[in-house]
Structure formats: structure tokens, C-alpha cells
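Hello,

I am handing this structure over to you. Please look through it first; my notes follow below.

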Amino acid sequence: MDRIVVDPGVHFGKPCVAGTRIAVQDVLELVDEDIPFDQIVRDYYPDLTVGDVHACIRYAIALVGAEDIRLRPATG
């Protein structure tokens with residue numbers, strides 16, 4: 001997780017790839033469009049590596065995994 005940083009002074013504290021101002025969300029939106037990882041690096045973010053794209057996905061997985069879900073009891 002050292003490739004993803006949260007800095008209040010960069011993009012209002014949104015998670016970014018370390019050493020860049022590239023937001024994790026921006027990378028994930030490209031992944032969601034089924035753009036291959038190597039194309040994301042080549043055509044959109046040449047400052048990233050394919051490993052950085054993977055790190056964005058791992059960050060999102062960890063974030064969802066840590067989410068505290070509270071279900072309300074069903075009312076009858």
C-alpha cells in the first residue's frame with residue numbers, strides 16, 4: 001500500500017499514486033472502461049507503471065474490505 005498516499009495538500013486529500021497527483025479514482029475509472037493496464041500507462045498516465053494500476057485496485061479492495069456495514073433489522 002506504499003504506492004497510494006493520502007495527502008490533504010494534494011487533490012483535497014483524495015488517494016493518489018505516490019509521487020504523482022494522479023488520483024486512484026481516475027485510474028479506476030479507466031479500468032472500469034476495460035482499458036488494458038499497459039494502455040492506461042502508455043496513453044493516459046505515462047508516469048505510472050502497471051504495478052501502480054494494480055496498487056489502485058488493491059487500495060479499492062482494501063477500502064471496501066475495511067468498510068463497516070451496519071444493517072438495520074427487518075421490520076415486520
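The buried residues of α3 are Asp 52, Val 53, Ala 55, Cys 56 and Tyr 59. Buried here means under 20% relative accessible area, exposed means over 50%, and partly exposed lies in between, with a 1.4 Å probe and protein chains only. These residues sit on the same side of α3, because they cover an arc of only 155° around the axis, the arc being that of the directions from the helix axis to the C-beta atoms.

This is a predicted model, in which local features need pLDDT of at least 70, side-chain atom pairs count only at pLDDT 80 or more, and totals for chains, interfaces and linings use all residues. Residues are numbered from 1 along each chain as its sequence is written, and side-chain values use heavy atoms, with hydrogens and water left out.

Helices (H or I, at least four residues) and strands (E, at least two) are DSSP runs, numbered from the N terminus. The cover over the buried residues of α3 includes β1 (4-5), β2 (16-17), α1 (24-32) and α2, where contact means heavy atoms within 4.5 Å. Asp 52 counts as buried because its relative accessibility is 10%.

On the face of α3 turned away from the buried side are the exposed residues Ile 61, Val 64 and Gly 65. Ile 61 counts as exposed, because its relative accessibility is 57%.

**Packing of α2 on α3**

The axes of α2 (residues 37-44) and α3 (residues 50-66) come within 8 Å and cross at roughly 115°. Axes are lines fitted to C-alpha atoms, for helices over the stretch in contact, and angles run from 0 to 180 degrees between N-to-C directions. Phe 37, Asp 38, Ile 40 and Val 41 of α2 make the contact with Val 50, Val 53, His 54 and Ile 57 of α3.

**Two loop residues**

Two non-glycine residues have a positive phi: His 11, at about 50°, and Asp 34, at about 65°. His 11 is in the loop between β1 and β2 and is partly exposed, with a relative accessible area of 31%. Asp 34 lies in the loop between α1 and α2 and counts as exposed, at 68% relative accessibility.

Regards
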